[in-house]
Amino acid sequence: MIPVGEFRNLGTEQNSKFRVLKPWWDVFSEYLCLVMLMIGVFGCTLQLTQDKISCLPSHFTSTTPGAIDCSHIRNYRENETSHSPSGQPASPIIREMFGRKNNLDIHQYIFVNNYCFETCVHWFAKYFPYLVVIHTMIFMVASSFWFKFPGTSSKIDLFVNILGKCFDSPWTTRALNEVSEERGEEKLFSLRRNNISKDYAEQHEDEEESVGLLARSPSVKSNPDKICTESSLSVLDKKEGEQAKALFEKVKKFRTHVEEGDILYHMYVLQTLLKVFKFLVIITYTALLVPNIEVVVRCHVSPELTGFDIYCCNHNKANLFSKLAYCYISFVCLYGLMCIYTLYWLFHRPLKEYSFEQVRFETGINDIPDVKNDFAFLLHLVDQYDPLYSKRFAVFLSEVSESRLHHLNLNYEWTTKKLRSRLVKNSSNRLELPLLMLPGLPDTVFEVEGVESLKLEQVKNVTIPANVAKLDSLQELSLIYSPAKLQLPALIHLQEHLKVLRLAFESVEEIPLWMYTLHSLKELQLTGPLMNEMSKSATLESLRELRALRLLSLRCSLSKIPPCVGDLASQLQRLCIHNEGVKLQAFSSLKKLTSLASLELVGCELERIPSAIFSLNNLQELDLRGNKLTTVEEILSLQHCRRLVTLRLWHNKISYIPDHISKLNMLETLDLSWNKLRKLPSRLFYCTKLRHLDISHNQITSLPPEVSIPQGLQFFSAAFNSLETLPDELFSCKRLKILILDNNCLSYLSSRVANLAQLVRLDIKGNRLESLPLEIGDCPLLRQSGFSVEDSLFDLLPSDVQKKLT
């Protein structure tokens, strides 16, 4: 015999992990199936262990056997015993009873019993218990088919495993507790604000609306002290944090995989429809065939076998089977009602959409997304088991919750000691802490003392908290492709202390609006796609609020200078525009910058010097590197820039310098390197204040003798040209300190080089020199810095001269 427990396991999972996906009607239906299975097993047991039928021959015969029935057996009790109205026998006479002799042996009876059971008993009366077992097993299989089908079982198993881990994860409790505390703090903060006087509220109303909304992140806390002690609440160790991090990844992948289709929903609907169809079939044929379970059965047997042709048989279990059948029908009806209710639930409610609105309201985690398709259907089923599962599972759908977990893990990884070891000095000689490609900003950053510059490069989910006030020396902030949010206390601190801000971004939308409120900012560098529409949008319109700004650097692709730059006219001293190969055409805004002292227009595809520059009376430095200048005839107009001391025209295509360059009387630095010059005008050296002259990387073959006129010349570079000789007048520049003549065609170096008493660097590699003058060793300062020459030439010098130079 097969134990009943084995049948039960066919309908329910040995492991109870799938119970969360079984609504109450599925659980109730399982118990109904268990009862129906017990009815079937009980009937089968009776059928196999007891006699099925008992037959006796009829002593009556007829040429038409159908005329003889067995009604006398049914009415035997009524025919033999008559009762009085009181229920007692009518006559007390006792008589002896004698049985009728049939002259049949036991084997004939067995044969007749089996023959009549197989041929004359109705098939429903014979196989009713087996049908009950088969139908019940079909119900059980249909109820759990989607747990076994390959297309659905993997998704269900994965969902149940993830759901259980999310429910038991310590991070779930921590996240919900933190949100509850934050909501309590917000309520307390709102009560305090109600007590603030009306005058104070009106005074700061505009500032809170324009700054507070932009600065606050989803995790803002109103109490800075609370932030400092946050890590002490509901301690989560590193291992648990890593496990929770893995759960976030699993939930993301599972959601992406399951939300694409609705196979789970369709499979559940199909198996429910199958059960309803099966229920209708069972009710229909069972109700029609139950009357065929008869107690008395008439059986016709060939008289050649036993001598009798009519047998009256008693179906021993007919009465019991009839009662079991009606009982079975009642349970099947109840089971069918459950299936019909399931269909109503499936089609009446939008089960392919699941809203976490109530969960968002209860937990305070406002970014939990609504889900759809099979993911939504699974959550609807879980709600029927216990809505608490969905509430705790929703924590792992929140990006805010995930960022907090990453932040916590980040604090474990980046300790204060580790961060302190990464401190370096930057180009501004400030102590800088660089962080590259981190998933967030660790709180431990604000425990590192002495940080003057904070550089965040490709750091995700940056939220600068109120703890930034601990970095009292912080003056520089670099956000390189790291969009950042500021909490209100942090913004107030940076408004007072931040001097330099560097931003690199991929889209204009990443420019933080809090940038425009930094009233103490002196230097702003923006790198990103600031396109032509900048002048029409409000992206940089608020720069006028940066009243302390002195330097503005734009690395972008502009066709004209934004009008907002003109709004900084009263205070801006340096403007740097590095265009990415886009031609800059409109310069009208430059005329307003009357205080501008330094101007860089790099890579702007300029073909001539813009006329707007000539009106900048206070301009001291002009850099036009990397343009397409071929001629500088308009250089005469630069004399209007009476304070111009530095002119850089390097990396262009200039082939000619006009004589009227001598009008630039105040010029001290001139860079003409990387052009196409073949000669220099003698009038160039009438710029008597010239101290730095670079004409390297050109095609110059000779230098004019007027090179000695600017007696203050200290730096002269003519490397990578075609010079064959040097004028002796060059060695009359008594203050010349650096002379670079690499890679020319020089074959002779005059002994007058010894006249350069202040020379500290001489580079003459890559020439055609065959020897060096011995007087070169008389340069008293040369050996203190550098002397660059081929080793073969140096070895030709006397040893005493070599010692002087080394």
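## The disulfide of C116 and C299

C116 is joined to C299 by a disulfide, with an S to S distance of 2.2 Å; a disulfide is here a pair of cysteine sulfur atoms within 2.5 Å. The torsion about this S-S bond is -85°, and the link of C116 and C299 is left-handed. The pair connects distant parts of the chain, since C116 belongs to helix α5 (residues 106–119) and C299 to strand β2 (residues 296–300), 183 residues apart. Helices (H or I, at least four residues) and strands (E, at least two) are DSSP runs, numbered from the N terminus. Both C116 and C299 are buried, where buried means under 20% relative accessible area, exposed over 50% and partly exposed in between, with a 1.4 Å probe and protein chains only.

The model is predicted: local features need pLDDT of at least 70, side-chain atom pairs count only at pLDDT 80 or more, and totals for chains, interfaces and linings use all residues. Residues are numbered from 1 along each chain as its sequence is written, and side-chain values use heavy atoms, with hydrogens and water left out.

## The disulfide of C55 and C313

The structure holds 2 disulfides. Besides the link described above, C55 and C313 form a disulfide with their sulfur atoms 2.0 Å apart. This pair also links distant parts of the chain: C55 lies in strand β1 (residues 53–57) and C313 in strand β3 (residues 310–315), 258 residues apart. The torsion about the S-S bond of C55 and C313 is about 110°, so this disulfide is right-handed. C55 and C313 are both buried.

C604 is buried, with a relative accessible area of 0%.

## The sheet of β1, β3 and β2

Three strands make up an open sheet in the order β1-β3-β2, with antiparallel pairing. Its edge strands are β1 and β2, each of which pairs on one side only. From one strand to the next, the twist averages 30°; axes are lines fitted to C-alpha atoms, for helices over the stretch in contact, and angles run from 0 to 180 degrees between N-to-C directions.

β1 and β3 pair in the antiparallel sense over 5 bridges, where pairing requires that DSSP finds at least two bridges between two strands. Within this pairing, C313 of β3 is the bridge partner of C55. In general, strands of a sheet pair through backbone hydrogen bonds, either parallel or antiparallel.

The 14 residues of α5 should span 20 Å at 1.5 Å a residue, and its end C-alpha atoms are 20 Å apart, which agrees. The expected span is 1.5 Å times one less than the number of residues. Which residues of α5 are buried? They are V112, N113, C116 and F117. These residues cover an arc of only 125° around the axis, which puts them on the same side of α5; the arc is that of the directions from the helix axis to the C-beta atoms.

The cover over the buried residues of α5 includes α2 (24–49), β1, α6 (123–143), β2, α13 (303–306) and β3. Contact means heavy atoms within 4.5 Å.

## Strand β16

In strand β16 (residues 598–602), 5 of the 5 residues are buried, so the strand is largely enclosed by the rest of the structure. S598, E600 and V602 point one way, L599 and L601 the other way, and all are buried.

Strand β15 (residues 574–579) pairs with β16 in the parallel sense over 5 bridges, and R574 stands opposite S598. β16 also pairs in the parallel sense with strand β17 (residues 621–623), over 3 bridges. There, S598 stands opposite E621.

## S662 and the whole protein

S662 lies in the loop between β18 (646–648) and β19 (669–671) and is buried, with a relative accessible area of 9%. Not counting residues up to four places away in sequence, S662 touches R683, Y686 and C687.

The protein has 23 helices and 24 strands, and buried residues make up 47% of its 806 residues. Of the contacts in the protein with a separation of 6 or more, 57% are between residues 24 or more positions apart.
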